[in-house]
Amino acid sequence: MKNLDEKYMRMCFTLAKRGKNKVAPNPMVGCVVLDKNGNIVSKGYHKKYGQNHAERDALLKLKNKEANGGTIYVNLEPCSHYGKTPPCVDLVIEHKPARVVIGMKDVNPKVDGISKLKAAGIQVDFVLEKEAEFLNRRFIKTMTKKLPYVVLKTASTMDGKIAAKTGSSKWITSEKSRELVYKMRREFDCILTSSNTVIADNPSMSQTKWRCVLDKDLRTDKNSKIYSQSNTYIASRQNTPLKNGELDLEAVLRELYKLGIYSVFVECGGTLAGALLKDGLVDEIYQFIAPKILNDNNGISCFNGDNINEISEAKNLKIYEVKYLNPDILIKAALSSF
Ligand SMILES: NC(=O)c1ccc[n+]([C@@H]2O[C@H](COP(=O)([O-])OP(=O)(O)OC[C@H]3O[C@@H](n4cnc5c(N)ncnc54)[C@H](OP(=O)(O)O)[C@@H]3O)[C@@H](O)[C@H]2O)c1
């Protein structure tokens, strides 16, 4: 039973991923329906924000109540409240399955589908909970913290340098890696960068709906390429509180959340990257590493901002993907406890 449950839950994950970049701030959800003989009779997924949830998508395809006495697999607890669509749990109960297998409990406090299922006499089981939570880590962060999910990208030498001491940095990584960065940007609502990076590199960062420049004293040139795009938010001392003399980074992220920005891709130098890390505001790091060694302690580090004496104080991450891009590598690592 456990192996079969895992097999169908993985099928739900695959279906759920079809909604990637289309459902935020909602979670990605997939659903597989089995009849009482264990045959798949329907599948569904949440396709777009505001549209049917996965259970509704799957169950509305059934013509003859084939789920009666069967099993419904879904990677997130069915909702029990009226949102943009009616509660899925009522539709699930109407179809009278014997069992519902869930990946993770919904972190939305309005949702209590599990109690309703149990009260209707339906057996509820959980499977692959950690994987289900990892799949919807962006949703969990935004729902529980009311802050966007933050991924910090950096490109460094093997000794963790993003530039020589003179600031010379073009190029550390290959063209192939840089092209991948352009593609990655599309998976986020906003790119966040700094005054220093705008002044040094004059990037256009046009691939996202929003851009945010941290520029406390409005030092950047208004003719910089990034300002030729619409939806560029400048955080300065005029609209943001200060913390230890610098812009309060959490306040900036809260403001972005209020603008409907649920995911942020940070591209900056070591100062801002270090400050974001120190304030515990980073969820993941995408680190491109080129097969180069600068071999100079005065070179500029990709993360700089703490004063640490003990190695035990280092931040611990979990690497969940490593890609060989020939000649560079890309490491994707999460700081949260997934
Ligand atoms: N290799 C890479 O992946 C990569 C990516 C991007 C950039 N870069 C390079 O990085 C270099 C710039 O690095 P950098 O270290 O000088 O600058 P940075 O880390 O990009 O930005 C630092 C600036 O951010 C602003 N900031 C706002 N709030 C802050 C806070 N709470 N704490 C700290 N800073 C805050 C400050 O400017 P204000 O006082 O004006 O607000 C500060 O001077 C450029 O040469 C660029 O080419 C490398």
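Hi everyone, let's start at the ligand: strand S6 (149-156), strand S7 (161-163), helix H8 (195-201), strand S12 (246-247) and helix H10 (270-278) each give at least two residues to the shell around it. Helices here are DSSP runs of H or I with at least four residues, strands are runs of E with at least two, and both are numbered from the N terminus.

Before we go on, please keep in mind that this is a predicted model, where local features need pLDDT of at least 70, side-chain atom pairs count only at pLDDT 80 or more, and totals for chains, interfaces and linings use all residues. Residue numbers run from 1 along each chain as its sequence is written.

Back to the ligand. How many residues surround the ligand? There are 29, and the closest are Ser194, Asn196, Gly269, Thr271 and Ala275. A residue counts as near if its C-beta atom, placed from the backbone, lies within 6 Å of the molecule or strand in question. By type, the shell holds 12 nonpolar, 10 polar and 7 charged residues.

Now the overall picture. The protein chain has 10 helices and 17 strands, and its C-alpha trace spans about 70 × 40 × 35 Å along the principal axes. The domain assignment gives domain 1 (2-134) and domain 2 (146-334); such bounds come from an automatic or database assignment. The centres of domain 1 and domain 2, taken over C-alpha atoms, are 37 Å apart.

Of the 338 residues in the chain, 40% are buried. Buried means that 20 or more other C-beta atoms lie within 10 Å of a residue's own, exposed means 12 or fewer, and partly exposed is in between, with C-beta atoms placed from the backbone.

Let's look at H10, one of the elements that supply the ligand shell. Its buried residues are Leu272, Ala273, Ala275 and Leu276. They cover an arc of only 165° around the axis, so they sit on the same side of H10. That arc is taken from the directions that run from the helix axis to the C-beta atoms. The cover over these buried residues includes S6, S8, S9, S12, H9 and S13. After H10 comes glycine 280, with a positive phi near 65°.

Helix H9 (residues 249-258) has a buried side too. Which residues of H9 are buried? They are Leu249, Val252, Leu253 and Leu256. Viewed down the axis of H9, they fall within an arc of 95°, so they line one face of the helix. The buried residues of H9 pack against strand S8 (190-194), strand S9 (210-214), strand S10 (232-235), S12, strand S13 (263-267) and H10. Contact means that two C-beta atoms, placed from the backbone, lie within 7 Å. Just after H9, glycine 260 has a positive phi of about 85°.

Next stop, strand S1 (residues 30-34). Why is S1 largely enclosed by the rest of the structure? Because 5 of its 5 residues are buried. Gly30, Val32 and Leu34 lie on one side, with Cys31 and Val33 on the other. S1 pairs in the antiparallel sense with strand S2 (residues 40-45) over 5 bridges, and with strand S3 (residues 71-76), also antiparallel, over 4 bridges. Pairing requires that DSSP finds at least two bridges between the strands. Valine 33 stands opposite serine 42 in S2, while leucine 34 has threonine 71 in S3 as its bridge partner. S1 and S2 make a hairpin with 5 residues between them, and glycine 38 in the turn has a positive phi of about 85°.

Finally, some backbone details in the loops. A cis peptide bond, with omega about -10°, joins lysine 170 and tryptophan 171, and tryptophan 171 is in the loop between S7 and helix H7 (175-185). Another cis bond runs from asparagine 326 to proline 327, with omega near 15°. Asparagine 244 has a positive phi near 50°, although this residue is not a glycine. Asparagine 244 counts as exposed because it has 6 C-beta neighbours inside 10 Å.

Methods. Nonpolar A, V, L, I, M, F, W, Y, C, P; charged D, E, K, R; others polar.
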